[in-house]
Amino acid sequence: MGYQVVAAQLARLSGALGTSDHASVVSITLFVALLCACIVLGHLLEENRWLNESITALIIGLCTGVVILMTTKGKSSHVLVFSEDLFFIYLLPPIIFNAGFQVKKKQFFRNFMTITLFGAVGTMMSFFTISLAAIAIFSRMNIGTLDVSDFLAIGAIFSATDSVCTLQVLNQDETPFLYSLVFGEGVVNDATSVVLFNALQNFDPNQIDAIVILKFLGNFCYLFVSSTFLGVFTGLLSAYVIKKLYIGRFVQPLSSFLVLSIDFVRDTNLVCCSTYFRHSTDREVALVMLMAYLSYMLAELLDLSGILTVFFCGIVMSHYTWHNVTESSRVTTKHAFATLSFIAETFLFLYVGMDALDIEKWKFASDSPGKSIGISSILLGLVLVGRAAFVFPLSFLSNLTKKTELEKISWRQQIVIWWAGLMRGAVSIALAYNKFTRSGHTQLHGNAIMITSTITVVLFSTMLFGILTKPLIRFLLPASSNGAASDPASPKSLHSPLLTSQLGSDLEAPLPIVRPSSLRMLITKPTHTIHYYWRKFDDALMRPMFGGRGFVPYSPGSPTDPNVLVE
């Protein structure tokens, strides 16, 4: 009898597992099909002045959610349960890394101080503006059991801009200055917002004094600097490993044999075989991708900012590591990173659209629809005010340090910067789920209202601001469609780039380097001076050690070997 009970239990368990596996297969199949539909429709609408691929994926997600709601009779609207771990561990790293890997470094580092000013100081100003306003307004509206710590978290959540959608609405070639500034600020902004949010988890608002605030700021600076250093270190480590692996000690025992036998095997496939043995595209691409992901996971393991770490790792890898691999590996890595980033971006917007109709959270907030709409409207207004509170004042301060009108941020460009950063996306939703839900679910009235309000703000801001950004740029900056006329710092205004990479061909032009003659040059033209000394240091020490364009020594079978046969 006991055996029969155990057998029955095992049968029920196996049946449940089989049903669960089948449901997972159906969900994944549907999601993959929707991703394919998003790609096809996005391609067809590529030239549309109003829509882009992110908004297309969002609309498809909304329509799919409606269909699922109807087929399940209002029980569910999505096929996957949102998880902030899925977002932060699997989807966000390839997006941010590819952005750093493909970014035009000359533009980025030329505006690095302004980017840091907007991304770090500006995010703090936006955080305080939204948090103080939320405390003043929401505390009087009787929103469930929310307290001061929740309102501070709201400030961090809605200070996070949507870097992913920025990539879709701004063009790096048409508006290089605005792209580098808005996107660079967005990356630093996301990292700052996540660091702020995590710091607030252990922050007691009832015990605030000068020492606590100083510790908070010191911890923030430590995380910022440490995360950047870890990304640079991991990138340099990957460059050094690949350079030594294929050009250093591993090659030396074989070099004498190759030199003696090169004449004999030149007309055979032996050179190809030995070259493949030492320069496997599969191994090179795998090593680059894994070390890039390793930088992000190390940052998360050490409680640092993985966003900053993987972004700067991408920049360093594109400057050094990318030039140490074979030509086939370069092409493969470039397109592999771009493809992974593209799929992750589409996945995020598709899921956000489907999750916007999560019936469970709307049920808990449905007893007070007027209050939910009011809170969403207030939050959207705070996003507008919070961004304006730092964009225009910090632009004014930045312009004070510029010597010429061409280098200053014009009033029209300030409006575009303000508008392009108003979109809120998956980072805000992930932080909101982390704060107001447990495993994606909540039964608290106040928490449900904050989740639904966050989703409403994300949908409205992405749809409205994302659709109108391109027409706004064409209206305010019509010269941008003719090239880099809108770039306030044309290449001719600088004597040399800070970093170079074949990924951006405009960075490789040999530009004359003018040596600063005195300390006055350093004070009056710090950008030129820093560029000069960095280029000198990079050519003398960094590239010979870590490789890079023009500094990879010749070795038989290496990426610079002219005798490598290509089949």
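# Helix packing and salt bridges

Helix α3 crosses helix α13 in a right-handed manner (the near helix is turned clockwise from the far one by less than a right angle; anticlockwise is left-handed). The model is predicted, so local features require pLDDT of at least 70 and side-chain atom pairs pLDDT 80 or more, whereas totals for chains, interfaces and linings use all residues. Residues are numbered from 1 along each chain as its sequence is written, and side-chain values use heavy atoms, without hydrogens or water.

**Overall architecture**

- The protein contains 21 helices and zero strands (DSSP runs numbered from the N terminus: H or I of at least four residues for helices, E of at least two for strands).
- Of the 567 residues in the protein, 51% are buried (under 20% relative accessible area with a 1.4 Å probe and protein chains only; exposed is over 50%, partly exposed in between).
- Among contacts (heavy atoms within 4.5 Å) with a separation of 6 or more, 83% are between residues 24 or more positions apart.

**Helix α3 against helix α13**

- Helix α3 spans residues 84-102 and helix α13 spans residues 306-319; their axes lie 7 Å apart and the packing angle is about 40° (axes are fitted to C-alpha atoms over the stretch in contact, and angles between N-to-C directions run from 0 to 180 degrees).
- At that angle, α3 and α13 are therefore oblique to each other (under 35 degrees is roughly parallel, over 145 roughly antiparallel, 65 to 115 roughly perpendicular, the rest oblique).
- On the α3 side, the contact is made by Leu-92, Pro-93, Ile-96, Phe-97, Ala-99, Gly-100 and Phe-101; α13 contributes Ile-307, Val-310, Phe-311, Cys-313, Gly-314, Ile-315, Met-317 and Ser-318.
- By class, the residues of the α3 and α13 contact comprise 12 nonpolar, three polar and no charged (Ala, Val, Leu, Ile, Met, Phe, Trp, Tyr, Cys and Pro are nonpolar, Asp, Glu, Lys and Arg charged, the others, Gly among them, polar).

**Helix α3 against helix α12**

- Helices α3 and α12 pack at an angle of about 120°, and their axes are 10 Å apart.
- The two helices, α3 and α12, are therefore oblique to each other, and their crossing is right-handed.
- From α3, the residues Phe-88, Ile-89, Tyr-90, Leu-92, Pro-93 and Phe-97 meet Ala-292, Tyr-293, Tyr-296 and Met-297 of α12.
- The residues in this contact of α3 with α12 divide into 10 nonpolar, no polar and no charged.
- Leu-92, Pro-93 and Phe-97 of α3 take part in the contact with α12 and also in the contact with α13.

**Helix α12 against helix α14**

- Helix α12 (residues 281-301) and helix α14 (residues 327-355) cross at roughly 45°, and their axes come within 10 Å.
- Helices α12 and α14 are therefore oblique to each other, and α12 passes α14 in a right-handed crossing.
- In this contact, Thr-281, Glu-284, Val-285, Val-288 and Met-289 belong to α12, while Ser-328, Ser-329, Thr-332, Thr-333, Phe-337 and Leu-340 belong to α14.
- The contact of α12 with α14 includes five nonpolar, five polar and one charged residues.

**Salt bridges**

- Six salt bridges are present in the structure (a side-chain nitrogen of Lys or Arg within 4 Å of a carboxyl oxygen of Asp or Glu).
- One of them pairs Glu-185 with Arg-387, with the closest N and O atoms 2.9 Å apart.
- Because Glu-185 lies in helix α8 (residues 176-201) and Arg-387 in helix α16 (residues 369-400), the pair ties together parts that are 202 residues apart in sequence.
- Glu-185 is buried at a relative accessible area of 1%, and Arg-387 is buried at a relative accessible area of 1%.
- Asp-538 and Arg-543 form another salt bridge, with a closest N to O distance of 3.0 Å.
- Both Asp-538 and Arg-543 are buried.
- Through salt bridges with shared partners, Arg-535, Asp-538, Asp-539 and Arg-543 are joined into one network.

- Asp-150 and Lys-435 form a salt bridge through their side chains, at 3.5 Å from N to O.
- This pair links distant parts of the chain, 285 residues apart, with Asp-150 in helix α6 (residues 148-157) and Lys-435 in helix α18 (residues 426-436).
- Asp-150 counts as buried at 10% relative accessibility, and Lys-435 counts as buried at 18% relative accessibility.
- Helix α18 is largely enclosed by the rest of the structure, because 10 of its 11 residues are buried.
- The buried residues of α18 are Ala-426, Val-427, Ser-428, Ile-429, Ala-430, Leu-431, Ala-432, Tyr-433, Lys-435 and Phe-436.
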